[in-house]
Structure formats: C-alpha cells, structure tokens
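Please consult the sequence and the coordinates alongside the text.

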Amino acid sequence: MSQQIRLDIFADPVCPWCLIGKAELDRALESRPAHPFAITWQPFRLDPQMPRAGMDHVAYMKMKFGGEKGIIDAMKPVMEASERLGLWINPSLIERVPNTLDAHRLLHWAGIEAVQTPVMAALMRAHWREGRNISNPDVLVAIGEGAGMKGAMIRRLLASDADVDTVQARELHARRRGVNSAPTFIVADSHVVTGAQPAELWQRVIDEAGPQ
C-alpha cells in the first residue's frame, strides 16, 4: 500500500488567492494521478472579526483597500489569474462579504464524511461565481447535500453551537504556530508553502516525493 503524505491547507472560501491556489494545486494533482497527498482543509478566516451578519461587499472592499483605485489594483491580478485558470469568477454578483464561521463548521463536518474537497470547491463556486451568501444556512445545506451529506443533519447542527469552539480553537492554534496568511500549505506537518503557488511547483514536490 502506498504511503500518503499529509497536506494541510489553511484557507477561507472567500479568499481569492485560496481559490487560485486550489486551482493551481488541482492542475498538478490531475497531472499526477498517483500523487501521495492526503488533503485536509483547515480553518483560517481572512477576517475573524467579521460581524456575524457579514458586511456590504462594496463598503467592505472600500474600507479594506482605501477606495475604488485600491480595489481595482488589488483585484487586477486576481482577475488575470482567474481568467488564465478558467475560473471565470464574477465578483460583481457578491452583495455581502459573509462571516465564514459556519462555512468552516460545514467543512469540519465534511471532513468527518471524507467530502471536504468537493465541499470547499462548492463553497468557493457559490461565493465567487454565483454570488450566493455562504453564511446562509439554506445555501450551506444545499452545498452539503450536493456532496452527499444529510441536509437535515446539517440544518440541525447549524442551528446549534456545535463545533464552533473546535473550529475557532483550530484556527487559533494555527495562528499561534505562525500561520498568518491564506492560503498556507503545510506538507507532512513540516514544510510550509505560502500563497497561491503555480502547478509546476506542486508537480516538482510530487515528483521529488517519488514512488510512495
């Protein structure tokens, strides 16, 4: 039996460079179907202080980037990278920047059922391509059901405080270990790779790992 290598990815579905970093990694994994990675998505919210109800998207972006020119300058490389990778994101559809705590709770439960990656992909697609609010329980239930999870169970858990402490503790632990940006990739619990790296880098990592 081949030996797997743990790949922890600290990411937030509303983080554009997490979306791009995932797409680059996906390209590498598709080109190396015998890759050794066992991927675990770890919680890392871009803005842990985001109000529970989220914020108006335009107001948030102006506050974060200092006006329209700052927004354009920040989004230009994001749009260029997304077009190059065929992601076709549509930020103009986003009305609110959500608090992603519940999205990370869904990812935690998805991990228990071994469907984390399709759930993360669906969360990113809902936010970046469809402009859906991924703090809305109905949206989260639909995403979970799309990955084969039980919607009624998700709805019950979301209505409670189930695993709020777990998600927050994992994020705090990561920050205390020095994870301070998203995406951050940790290979085999020892090698840290930050940022949206090109597929070629991941191909080299896989090739250097050799037959497992």
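The structure is a predicted model. Its largest pocket holds about 530 Å³ of space, and its second largest pocket about 240 Å³. One cavity of 30 Å³ or more is present, and the largest nonpolar core comprises 62 residues.

**Largest pocket**

- The lining of the largest pocket consists of 31 residues, and those nearest the centre are His57, Met61, Phe65, Met75 and Trp128.
- Two or more lining residues come from each of helix 1 (16-31), helix 2 (57-65), helix 3 (68-84) and helix 5 (116-128).
- Helix 2 makes the greatest contribution to the lining of the largest pocket, with seven residues.
- Sorted by class, the lining of the largest pocket contains 20 nonpolar, five polar and six charged residues.

**Second largest pocket**

- About 240 Å³ of space lies in the second largest pocket.
- This pocket is lined by 13 residues, and Leu19, Lys22, Ala23, Asp26 and Leu87 are the closest to its centre.
- Helix 1 and helix 5 each provide at least two residues of the lining of the second largest pocket.
- Helix 1 gives the most to that lining, with five residues.
- The lining of the second largest pocket divides into seven nonpolar, one polar and five charged residues.

**Cavity**

- The largest cavity has a volume of about 40 Å³.
- Its lining is formed by Trp41, Gln42, Pro43, His104, Leu107, His108, Val167 and Arg170.
- Strand 2 (37-43), helix 4 (101-112) and helix 8 (164-176) each contribute at least two residues to the lining of the largest cavity.
- By class, four nonpolar, three polar and one charged residues make up the lining of the largest cavity.

**Helix 4 and its surroundings**

- Helix 4 contains twelve residues, and its span of 17 Å from first to last C-alpha is close to the 16 Å expected at 1.5 Å a residue.
- Ten of the twelve residues of helix 4 are buried, and the helix is therefore largely enclosed by the rest of the structure.
- The buried residues of helix 4 are Leu101, Asp102, Ala103, His104, Arg105, Leu106, Leu107, His108, Trp109 and Ala110.
- The cover over these buried residues includes strand 1 (5-11), strand 2, helix 5, helix 6 (137-146), helix 7 (151-158) and helix 8.
- Just after helix 4, Ala114 adopts a positive phi of about 60 degrees.

**His104**

- His104 belongs to helix 4 and is one of the residues lining the largest cavity.
- His104 has a relative accessible area of 3% and is therefore buried, given that the cut-off for burial is under 20%.
- Apart from neighbours within four places in sequence, His104 is in contact with Ala11, Asp12, Pro13, Pro43, Phe44, Arg45 and Val167.
- Among these contacts are Pro43 and Val167, and both Pro43 and Val167 also line the largest cavity.

**Nonpolar core**

- Within the largest nonpolar core, the residues with the most contacts are Leu106, Val119, Leu123, Ile134, Ile143 and Trp202.
- Leu106 is also one of the buried residues of helix 4.
- Residues up to four places away in sequence being excluded, Ile134 touches Pro13, Val14, Pro98, Thr100, Ala103, Leu123, Ala126, His127, Val139, Leu140 and Ile143.
- Pro13 is among the residues that Ile134 touches, and Pro13 is also in contact with His104.

Conventions
Residues numbered from 1 in each chain as written. Predicted model: local features only at pLDDT ≥ 70, side-chain atom pairs only at ≥ 80, totals over all residues. Heavy atoms only, no water. 1 Å grid on protein atoms, 1.4 Å probe; cavity = no way out; pocket = protein on both sides within 12 Å on 5 of 7 lines; lining within 4 Å. Points joined across faces, edges and corners; volume = space filled by probe spheres on them. Helix = DSSP H or I, 4+ residues; strand = E, 2+ residues; numbered from the N terminus. Nonpolar A, V, L, I, M, F, W, Y, C, P; charged D, E, K, R; others polar. Core = buried A, V, L, I, M, F, W, Y, C linked by side-chain atoms within 4.5 Å. Buried < 20%, exposed > 50% of the residue type's maximum accessible area, 1.4 Å probe, protein only. Contact = heavy atoms within 4.5 Å. Expected span 1.5 Å × (residues − 1).
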